[in-house]
Amino acid sequence: MTDEKNNVAPGKKGRIEAIDVARGVALVAMAIYHLAWDLEFFGYAPPGTTTMGGWKLFARCIASSFLFLVGVSLVLAHGKQIRWNGFWRRWAMVAAAALAITAATYVAMPGGFIFFGILHQIAIASILGLAFLRLPAVVTISIAAIVLAAPYYLRSEFFDAPWWWWTGLSVNYQRSNDYVPVFPWFGAVLIGIAAGKIGAQTGLFAALAGWRSPRWLWPFDYAGRHSLAFYLIHQPVLIACVWLFAQVFPPSEETREVNFLQSCERSCVEQRDTEFCPRYCVCVLDTLERAGAMQSFYAGQQSDALRATAEQAARQCTIETDNAILDGGGP
């Protein structure tokens with residue numbers, strides 16, 4: 001999500017518009033996901049909608065595409081010679097934006113503040129990625145595979161201290177609304193670096209340099225050229241728009257299921273964070289519905305059997321949700 005020049009070779013003027021358009025498409029996809037999150041937050045979509053199923057996969061694809069393009073851009077901008085002045089200037093902008101997001105979200109939502117999100121990942125990946133610009137693509141891809149697999153084999157309580165949370169290898173850590181640690185997400189950057197080297201060696205970028213995007217792609221091209229500004233501005237604008245809409249067209253009255261989920265989440269957040277609770281409560285609702293216990297619950301009935309069923313659902317869903325989050329991630 002940097003605004004590095006997409007030079008075919010260091011020192012040449014111009015950009016590869018295809019890279020800008022691709023980055024712009026990823027930004028629009030991210031805005032769509034965040035709009036869905038905002039609609040969920042304001043009550044227009046069921047709780048937990050954006051943390052599960054297709055929306056969860058959508059979020060991972062968006063993050064992966066951004067980081068892949070970071071790797072490609074590193075090769076385009078610094079593949080033959082690292083231009084340190086430009087590199088550090090743009091890196092400082094990304095790092096400052098990442099710190100600003102941490103500070104803002106800590107004030108707004110301390111239970112799920114962003115301590116290592118997509119911008120933090122881009123900042124550290126931009127530095128680490130420099131070490132791979134001279135390596136053969138096959139070596140870089142091999143290391144990428146190790147980085148992607150690391151959380152499944154190297155996770156340990158040794159990394160539970162807060163100063164290790166950025167690694168992604170912790171067993172227990174502060175939950176976050178945007179957690180993109182080095183392992184496994186740096187793997188996407190390494191794949192982008194390898195793809196960039198292959199593109200440069202095969203003449204792909206030289207061919208793309210002559211392509212000009214049609215007029216109808218101008219919004220994506222423009223967004224891709226100013227990706228950091230788009231990233232910082234779009235979510236406050238979307239939240240403001242949804243808030244204004246809610247003042248005129250408030251969300252409809254909730255169903256019993258939604259009321260159950262909201263009540264569950266209100267109780268849950270007293271002990272757990274905003275990433276865990278929506279998933280956990282959806283799991284409990286589904287489990288109780290499969291057990292045929294929800295009608296009794298809605299009716300306010302009390303019995304030892306109903307309490308035992310609810311306790312079993314809570315235990316089962318706690319385990320399932322913790323496991324799902326440890327294997328997850330997103331923008």
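Buried means under 20% relative accessible area, exposed means over 50%, and partly exposed lies in between, for a 1.4 Å probe and protein chains only. The model is predicted: local features need pLDDT of at least 70, side-chain atom pairs count only at pLDDT 80 or more, and totals for chains, interfaces and linings use all residues. Residues are numbered from 1 along each chain as its sequence is written, and side-chain values use heavy atoms, with hydrogens and water left out.

**View A. Cys268 and Cys277 are joined by a disulfide.** The term disulfide is used for a pair of cysteine sulfur atoms within 2.5 Å. Here the S to S distance is 2.1 Å. The torsion about the S-S bond of Cys268 and Cys277 is about -85°, so this disulfide is left-handed. Cys277 is buried, with a relative accessible area of 1%. Cys268 also counts as buried, at 9% relative accessibility.

**View B. Cys264 and Cys281 form a disulfide.** Their sulfur atoms lie 2.1 Å apart. The S-S torsion of Cys264 and Cys281 is about -85°, so the link is left-handed. The pair connects distant parts of the chain, 17 residues apart: Cys264 sits in helix α10 and Cys281 in helix α11. Helices (H or I, at least four residues) and strands (E, at least two) are DSSP runs, numbered from the N terminus. Cys281 is buried at a relative accessible area of 0%. Cys264 is buried at 15% relative accessibility.

**View C. A disulfide links Cys283 and Cys317.** The two sulfur atoms are 2.2 Å apart. This link is left-handed, with -80° about the S-S bond. Cys283 lies in helix α11 and Cys317 in helix α13, so the pair ties together parts that are 34 residues apart in sequence. Both Cys283 and Cys317 are buried. A search of the whole structure finds three disulfides. Counting bonded cysteines along the chain, their pattern is 1-4, 2-3, 5-6. For comparison, Cys61 is partly exposed, with a relative accessible area of 46%. Cys241 is partly exposed, at 46% relative accessibility.

**View D. Helix α13 spans residues 304-326.** The helix has 23 residues. From first C-alpha to last, α13 reaches 33 Å, close to the 33 Å expected at 1.5 Å a residue. The expected span is 1.5 Å times one less than the number of residues in the helix. The buried residues of α13 are Leu306, Ala313, Cys317, Thr321, Asp322, Ile325 and Leu326. What covers them includes α11 (276-290) and α12 (294-298).

**View E. The second largest pocket holds about 370 Å³ of space.** Of the 16 residues that line this pocket, the closest to its centre are Cys264, Ser267, Tyr280, Val284 and Ala314. On a 1 Å grid over the protein atoms alone, a pocket is an open set of points where a 1.4 Å probe fits, with protein on both sides within 12 Å along at least five of seven lines; lining residues have an atom within 4 Å of a point. Grid points are joined across faces, edges and corners, and the volume is the space filled by probe spheres set on the points. Helices α10 (256-268), α11 and α13 each supply at least two lining residues. The largest share, five residues, comes from α10. By class, the lining has 10 nonpolar, four polar and two charged residues. Ala, Val, Leu, Ile, Met, Phe, Trp, Tyr, Cys and Pro count as nonpolar; Asp, Glu, Lys and Arg as charged; the others, Gly among them, as polar.

**View F. Glu265 lies in helix α10.** Glu265 is buried, with a relative accessible area of 17%. Its C-alpha is separated by 9.5 Å from that of Val282, 17 residues apart along the chain.

**View G. Ser213 sits in the loop between α7 (204-208) and α8 (218-225).** Ser213 counts as buried, at 17% relative accessibility. Leaving out residues up to four places away in sequence, Ser213 touches Glu17, Val21 and Asp221. Contact means heavy atoms within 4.5 Å.

**View H. The peptide bond from Phe183 to Pro184 is cis.** Its omega is near 15°. Pro184 is found in helix α6 (residues 182-202). Most peptide bonds are trans.
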